[in-house]
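Reader: I would like to learn how to read the features of a protein model. May we go through one together, step by step?

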Amino acid sequence: MSQSHDQSKRLVPKVWPDTKRRRRKIEHYLMLGAMVLLPAMAQALPSDRQKPIEIESNTADIDNKNGISIYKGDVVMIQGTTRITGDKVTVYSVQQEVKKIVAEGYKKRAYYEEQQPENQGTLQAWGHTIDYQVTDDKIQLIKQAKLTQKGDTFTGERIDYDLTRQTVNAKSSENKSSPDGRVKMIYQPKPEQKQ
């Protein structure tokens with residue numbers, strides 16, 4: 001066996017069954033942690049849904065017949081404390097009721113924020129695509145997804161966030177060797193209680 005063959009064999013990392021098992025355990029604990037964290041993050045101000053929606057953009061193409069409105073160019077959408085920004089925002093409506101909002105960010109990620117009740121702070125979310133299912137109270141953060149509240153952070157390649165059921169499903173990137181594509185959570189320590 002030649003020396004070069006030996007060297008190339010050493011460069012290929014071998015994944016042992018224990019490593020795979022440990023990685024699955026870590027992913028399992030991350031999912032459990034997310035389920036503990038997110039109930040506190042899942043309650044938006046109920047009055048937001050009753051407020052009017054204001055949209056600013058450089059251009060607007062509105063198709064009333066099909067209920068599709070497309071806004072482009074530094075789009076800012078505000079409804080109460082809810083704020084969505086992106087390079088392109090598409091609003092889907094049925095009988096003048098907004099059903100779905102899709103924000104896309106090309107230069108930088110699209111952004112979503114919402115004030116939470118009872119001093120829970122502001123929920124902030126990023127993704128190159130944010131698919132907000134208004135009727136079902138679900139948010140999909142797609143590509144370089146990030147969700148944060150009160151310093152606790154949850155990142156992954158895709159995050160599905162169900163506000164009603166208070167559940168989250170996160171996926172890592174297809175490129176498993178990329179550390180940036182993995183699901184990651186950061187919890188801040190709780191402040192000590194004064195006696």
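**A buried aspartate and its surroundings**

Author: Asp131 has a relative accessibility of 10%, so Asp131 counts as buried. Please bear in mind that the model is predicted.

Reader: Where in the secondary structure is Asp131 found?

Author: Asp131 is found in strand 8, a strand that covers residues 129-133.

Reader: Which residues does Asp131 touch, not counting residues up to four places away in sequence?

Author: Asp131 touches Lys100, Ile101 and Val102, and also Lys138, Ile139 and Gln140. The C-alpha atoms of Asp131 and Ala103 are separated by 6.6 Å, although these residues are 28 residues apart along the chain.

**The protein as a whole**

Reader: How many helices and strands does the secondary structure come to?

Author: The secondary structure comes to two helices and twelve strands. Along the sequence, the pattern is α-α-β-β-β-β-β-β-β-β-β-β-β-β.

Reader: What percentage of the residues in the protein is buried?

Author: Of the 195 residues in the protein, 32% are buried. The accessible surface comes to about 13,100 Å², and carbon and sulfur atoms account for 49% of that surface.

Reader: Among contacts between residues at least 6 apart in sequence, what percentage joins residues at least 24 apart?

Author: For the protein, that percentage is 44%.

**Aromatic pairs**

Reader: How is a pair of aromatic rings described?

Author: One gives the distance between the centres of the rings and the angle between their planes. In this structure, the count comes to two aromatic pairs. The ring centres of Tyr111 and Trp126 are 5.3 Å apart and the ring planes stand at 50°, so this pair is tilted. An angle over 60 degrees would count as edge-to-face, and one under 30 degrees as stacked.

Reader: Which strands hold Tyr111 and Trp126?

Author: Tyr111 is in strand 6 (residues 110-115) and Trp126 is in strand 7 (residues 122-127). The two residues are 15 residues apart, and their pair links distant parts of the chain.

Reader: Is Tyr111 buried or exposed?

Author: Tyr111 counts as buried, because its relative accessibility is 12%, and the limit for a buried residue is under 20%.

Reader: What is the angle between the planes of Tyr112 and Tyr132?

Author: The planes of Tyr112 and Tyr132 stand at 70° and the ring centres are 5.5 Å apart, so this pair is edge-to-face. Because Tyr112 lies in strand 6 and Tyr132 in strand 8, the pair ties together parts that are 20 residues apart in sequence. Both Tyr112 and Tyr132 are buried.

**Charges over rings**

Reader: Which lysine has its charged end over the ring of Trp126?

Author: Lys146 has its charged end over that ring, at 5.2 Å from the centre. A further case is Lys100, which lies over the face of Tyr92 at 4.9 Å from the ring centre.

**Strand pairing**

Reader: How many bridges join strand 6 to strand 7?

Author: Strand 6 and strand 7 run antiparallel and are joined by six bridges. Tyr111 has Trp126 as its bridge partner in strand 7. The hairpin of these strands has six residues between them, and Glu118 takes a positive phi near 55° there.

Reader: Which strand is joined to strand 7 by three bridges?

Author: Strand 9 (residues 138-149) is joined to strand 7 in this way, and the two run antiparallel. Thr148 in strand 9 stands opposite Gln124.

**Two further residues**

Reader: Is Gln79 buried or exposed?

Author: Gln79 counts as buried, because its relative accessibility is 9%. Gln79 is found in strand 3 (residues 68-79). A polar atom of the Gln79 side chain lies 2.9 Å from the backbone oxygen of Lys51. Leaving aside neighbours within four places in sequence, Gln79 is in contact with residues including Asp48, Arg49 and Pro52.

Reader: What does a relative accessibility of 43% make Ala60?

Author: Ala60 counts as partly exposed at that value. The place of Ala60 is in strand 2 (residues 59-63). Apart from neighbours within four places in sequence, Ala60 is in contact with Ile70 and Tyr71. The C-alpha atoms of Ala60 and Lys72 are separated by 6.6 Å, and these residues are twelve residues apart along the chain.

Notes: Residues numbered from 1 in each chain as written. Predicted model: local features only at pLDDT ≥ 70, side-chain atom pairs only at ≥ 80, totals over all residues. Heavy atoms only, no water. Phe/Tyr/Trp six-rings, centres within 6.5 Å; stacked < 30°, edge-to-face > 60°. Helix = DSSP H or I, 4+ residues; strand = E, 2+ residues; numbered from the N terminus. Buried < 20%, exposed > 50% of the residue type's maximum accessible area, 1.4 Å probe, protein only. Lys NZ or Arg CZ within 6 Å of the ring centre and 35° of its normal. Contact = heavy atoms within 4.5 Å. Areas by Shrake-Rupley, 256 points an atom, 1.4 Å probe, with all protein chains shown as cover. Polar contact = N/O pair within 3.5 Å; in protein donor to acceptor, adjacent residues only side chain to side chain. Pairing = 2+ DSSP bridges.
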